[in-house]
Amino acid sequence: MSKILITGGTGLIGKLLQQKLEANKHHVVILTRNPKKENHFKWDISSKFIDDKAFQNIDYIIHLAGAGIADKRWTTARKKELIDSRVESANLLFSKVKELNITLKGFISSSGMSYYGAINSENIFTENDSPGNDFISKICIEWEKAANQFKKLNTPVTILRTGIVLSKNGGALKKMNTPLFLSALGNGKQYIPWIHIDDLCNLYIKAVEDVTFTGIFNAVTTEHQTNTSFTKILGSVLKKPITPFNVPGFVLKMLLGELSVILLKGSRVSSKKTATHYSFKYTKLQEALIDVYSK
Ligand SMILES: NC(=O)c1ccc[n+]([C@@H]2O[C@H](COP(=O)([O-])OP(=O)(O)OC[C@H]3O[C@@H](n4cnc5c(N)ncnc54)[C@H](OP(=O)(O)O)[C@@H]3O)[C@@H](O)[C@H]2O)c1
């Protein structure tokens, strides 16, 4: 049994991860901006405040906190929030762990498949590939750099470069299951690397329970789907019609500004390295979606 501190543990992934870790007899505490439960502890990233009690006897930190990438237009202020909520938060955790002289068994952080940039290409990106050079990859580069600081304390670091997480409770699927988005976007050829939320939680649990699972891993399943094929399968599972025309890229650019790149661009991402450590439960989109909507 380990004691695990989860940042952003109140979110889509964190809530299910807490349940699954507790089912495996681990003890979970959560860092949140708005504590509401007994196992919640407060932090405030801008004023560099964290309740020290959150760190009592912890073995692992799982860093999930971050402002929603697709929730608001990317104004200058929003861009700063997207970065600070991930990077300044990790820096704050690092300072606190150092100050309190805590020996962690591991620091486990989310990152995004967007590390490789929002681009359309036929390349299948592996963990060894270089990052992109746009804003979305910049977030991931800085996020990972902040997580990797923990190596200076001889703490093993695991980073999960995560694809679109499938859950009916939030994230991309909730946004896609609307009249505008139940249609192919742009030319529809952009890839959508995806992972079922159960598989993602299992990867986080593996990072806690398996000391060999350290380093950088793409958290995406083995199958490759384009925006067009993904949308068709989603429509068939939901038994909803797909709009017979694609939403033109310029419409999305007008509606969403720069943020539209994450909808209009996307490459394939390799799961080969991850699959040598973990056997994915869901590798077919149709089965994954049927499961998601059956719960
Ligand atoms: N869902 C996906 O498809 C997906 C894909 C790739 C990567 N990820 C990454 O995985 C992590 C967790 O994802 P999720 O889907 O569970 O996200 P989520 O539901 O939006 O939850 C993220 C949590 O981060 C905290 N947070 C939000 N804005 C913040 C801010 N400005 N400053 C500090 N904390 C803030 C919130 O916790 P409190 O309100 O309690 O403070 C929130 O519950 C995120 O970093 C996300 O970028 C997710």
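**Entry 1: Ala54**

I looked up the contacts of Ala54 in this predicted model, and, leaving aside neighbours within four places in sequence, I found Ala54 in contact (heavy atoms within 4.5 Å) with Leu5, Val29, Leu31 and Phe41. Ala54 sits in the loop between β4 (49-50) and β5, where I take helices (H or I, at least four residues) and strands (E, at least two) as DSSP runs numbered from the N terminus.

**Entry 2: conventions**

I note that residues are numbered from 1 along each chain as its sequence is written, and that side-chain values use heavy atoms, with hydrogens and water left out. As the model is predicted, local features need pLDDT of at least 70 and side-chain atom pairs count only at pLDDT 80 or more, whereas totals for chains, interfaces and linings use all residues.

**Entry 3: nonpolar cores**

I then turned to the nonpolar cores, each a set of buried Ala, Val, Leu, Ile, Met, Phe, Trp, Tyr and Cys residues joined through side-chain atoms within 4.5 Å. The largest has 27 residues, and those with the most contacts inside it are Ile6, Leu17, Leu21, Ile62, Leu160, Leu200 and Tyr204. Two or more residues of this core come from each of β1 (3-7), α1 (12-23), β2 (27-32), β5 (60-63), α6 (197-209) and β11 (215-219), and α6 gives the most, with 8 residues. A second, separate core of 23 residues includes Val29, Ile45, Ile58 and Phe150.

**Entry 4: ligand**

Around the ligand I find 22 residues (a heavy atom within 4 Å), of which Thr10, Leu12, Thr32, Arg33 and Arg86 come nearest. Among the polar contacts (pairs of N or O atoms within 3.5 Å), I list an oxygen atom of the ligand 2.9 Å from a polar backbone atom of Ile13, a ligand nitrogen atom 3.0 Å from a polar side-chain atom of Glu81, and a ligand oxygen atom 2.8 Å from an N or O atom in the side chain of Arg86. The protein covers 81% of the 880 Å² of accessible area that the ligand has on its own, by the Shrake-Rupley method with a 1.4 Å probe. At least two residues of the shell come from each of α1, β6 (106-112) and β9 (164-166).

Definitions and conventions:
Buried means under 20% relative accessible area, exposed over 50%, partly exposed in between (1.4 Å probe, protein chains only). A polar contact is a pair of N or O atoms within 3.5 Å; within protein, one must be able to donate a hydrogen and the other to accept it, and residues adjacent in sequence count only if both atoms are side-chain atoms.
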